[in-house]
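Hello,

Here is the structure I am handing over to you. My notes on it follow below.

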Amino acid sequence: MIEARHLRVLRAVAATGSFSAAARELGCTQPAVSQQMKALETSTGTPLLIRTGREMRLTQAGEALVRHAAGILAGLTAAEEEVAAIAGLRAGRVRLVSFPSGSSTLVPTALAALRAAHPGTRVSLVEAEPPRSVEMLREGDCDVALAFRYEGAQAAEEWDDLVVRPLLTDRLVGLVPEGHHLAGADAVPIAELADDPWIAGCPRCRRQLVDVCEGAGFTPRIDFATDDYPAVIGLVGAGLGVAVLPELAIESVRPKGARTVTVEPAVQREIVALTLPDLAQVPAVAATLDHLARAAAR
């Protein structure tokens, strides 16, 4: 194994012509230079210097190593500077994955603050719902995953192997047309919506809704299926049915023609930012988690 410190000594010896002169240039002792040159020759398995009296002459192997040393040491210096920049948040990259309502509410505020504080840090964003977003984190396809899980849900995701930064608790709220007979109610037992047509997401996304409704004694009649929150709000506003949506989703879209109501029993989801333990030590990742937490606290 050739060490960078040995290459620096070899270059100094080649440039000055002696161990003593190289020691003066490097600010060390002559025996130290001699020891490091012996260690380098042991590592390469061949002589690098020919000692003739007080002069030192490079062997062919020594000349080749000195020729390559300049590029190696320059590359190492550049690498050290880049790592220092990343550690000091003057540079760096974070790959973020988020679910849509998080992308439209928490993420913009967090990333704007991160850019203002650390303009050299670049963040990319793609969208995915859990559990896919969590799989992407474990597979190395992102550095931070904004995710959620419902309280008390069956087969809740296990995140024991991840660093979990809790952000907020997001409650599901009911959405009814403005002309609905429950539009002005303070709180609505979900069972009172049993006879209404429903707008819900894909079979996986609607699982929580179906579980809550069945717990209240009915199975919702789902006439329209869409995972697009503005489409859900538009369908409700047109009087085509009722729905439940996370508060974050409603925060990002103006519900035209629809009214929000508090549904009972309360259904909440935990919003978190996830990363891997090793990634949590990376300054840019840690800063991203901090800014997501600040955005959630506002």
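Helices (H or I, at least four residues) and strands (E, at least two) are DSSP runs, numbered from the N terminus. By that rule the chain has ten helices and twelve strands. This is a predicted model, in which local features need pLDDT of at least 70 and side-chain atom pairs count only at pLDDT 80 or more, while totals for chains, interfaces and linings use all residues. Residues are numbered from 1 along each chain as its sequence is written, and side-chain values use heavy atoms, with hydrogens and water left out.

Overall shape

The C-alpha trace spans about 105 × 35 × 25 Å along its principal axes. The chain has a radius of gyration of 31 Å, whereas a compact globule of 298 residues would have one near 19 Å (taken over C-alpha atoms; the globule rule is 2.2 Å times the number of residues to the power 0.38). Of the 298 residues, 41% count as buried (under 20% relative accessible area; exposed is over 50%, partly exposed in between, with a 1.4 Å probe and protein chains only). Of the contacts (heavy atoms within 4.5 Å) with a separation of 6 or more, 70% join residues 24 or more positions apart.

Cores

A nonpolar core is a set of buried Ala, Val, Leu, Ile, Met, Phe, Trp, Tyr and Cys residues joined through side-chain atoms within 4.5 Å. The largest one has 41 residues, and Val144, Leu146, Leu167 and Trp198 touch the most other members. Helix H10 (residues 283-297) gives the largest share of this core, seven residues. Apart from it lies another core of 18 residues, including Leu7, Val13, Phe19 and Ala69. Leaving out residues up to four places away in sequence, the contacts of Leu146 include Leu96, Phe99, Leu167 and Leu292.

Helix H7

In helix H7 (residues 207-215), the buried residues are Gln208, Leu209, Val210, Val212 and Cys213. They pack against strand E5 (144-150), strand E8 (197-200) and strand E10 (243-246). Just after H7, Gly217 takes a positive phi of about 100°.

Cysteines

How many disulfides does a search of the whole structure find? It finds zero, a disulfide being a pair of cysteine sulfur atoms within 2.5 Å. Cys142 is buried at 2% relative accessibility, while Cys28 is partly exposed at 31%.

Regards
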